Amino acid sequence: HEYLVLEPNEATNGLSGNFRWSQIRGEGEDSSSSYHQNVEGMECQNGLLIFVTKRSRELFTLDLDSLTYTKFNPVGGLFEGEPDSVTHMYKTGENPDKNILFITEEAD
């Protein structure tokens with residue numbers, strides 16, 4: 001098994017950084033408890049791994065080629081609940097690269 005370990009960039013207040021895969025379970029657990037608790041709704045497309053964290057209500061995008069990540073909090077505007085899942089709607093035809101990313105919410 002390999003475990004996700006985030007290495008936040010302090011200059012961006014952790015909104016981006018690097019990541020790596022570790023075979024040491026404790027490193028993965030430490031990273032998870034610090035940065036990405038309660039992951040749900042993973043989606044992978046075109047070298048990007050996207051997931052939401054229910055605990056901190058954030059959307060992470062991991063670039064699997066460059067081993068970098070970005071995150072943001074989608075809560076606000078029309079999005080009032082907690083992020084719950086992520087899915088792509090794949091477009092075909094004239095612009096197949098223009099896919100739509102859906103973030104579903106869990107609301108009261």
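This is a predicted model: local features need pLDDT of at least 70, side-chain atom pairs count only at pLDDT 80 or more; totals for chains, interfaces and linings use all residues.
**Entry 1: K71 and E58**

I noted that the pair links distant parts of the chain, since K71 belongs to strand β6 (residues 68-72) and E58 to strand β5 (residues 58-63), 13 residues apart. I then checked the burial of the two partners and found that both K71 and E58 are buried.

**Entry 2: the other salt bridges**

I recorded a count of four salt bridges. One of them joins E29 to R25, at 2.8 Å from N to O. Both residues lie in helix α1, and because they are four residues apart, about one helical turn separates them. E29 is partly exposed at a relative accessible area of 42%, whereas R25, at 52%, counts as exposed.

I next examined E27, whose side chain meets that of R20 in a salt bridge of 3.1 Å, N to O. E27 is partly exposed, with 27% relative accessibility, and R20 is likewise partly exposed, at 31%. I also noted a network of salt bridges that links E7, R20 and E27.

**Entry 3: H36**

Is H36 buried or exposed? I found a relative accessibility of 7%, so H36 counts as buried, the cut-off for buried being under 20%. H36 sits in the loop between α1 (25-35) and β3 (39-45). Its side chain makes a polar contact of 3.2 Å with the side chain of S31. Setting aside neighbours within four places in sequence, I listed L4, L6, S31, F51, T53 and F60 as the residues in contact with H36.

For the chain, I noted an accessible surface of about 7000 Å², of which carbon and sulfur atoms account for 47%.

**Entry 4: the chain as a whole**

Of the 108 residues in the chain, 29% are buried. I also looked up the contacts between residues at least 6 apart in sequence; 39% of these join residues at least 24 apart.

Methods
Residues are numbered from 1 along each chain as its sequence is written. Side-chain values use heavy atoms; hydrogens and water are left out. Helices (H or I, at least four residues) and strands (E, at least two) are DSSP runs, numbered from the N terminus. Buried means under 20% relative accessible area, exposed over 50%, partly exposed in between (1.4 Å probe, protein chains only). A polar contact is a pair of N or O atoms within 3.5 Å; within protein, one must be able to donate a hydrogen and the other to accept it, and residues adjacent in sequence count only if both atoms are side-chain atoms. Contact means heavy atoms within 4.5 Å. Accessible areas come from the Shrake-Rupley method with a 1.4 Å probe; for residues, only the protein chains shown count as cover.
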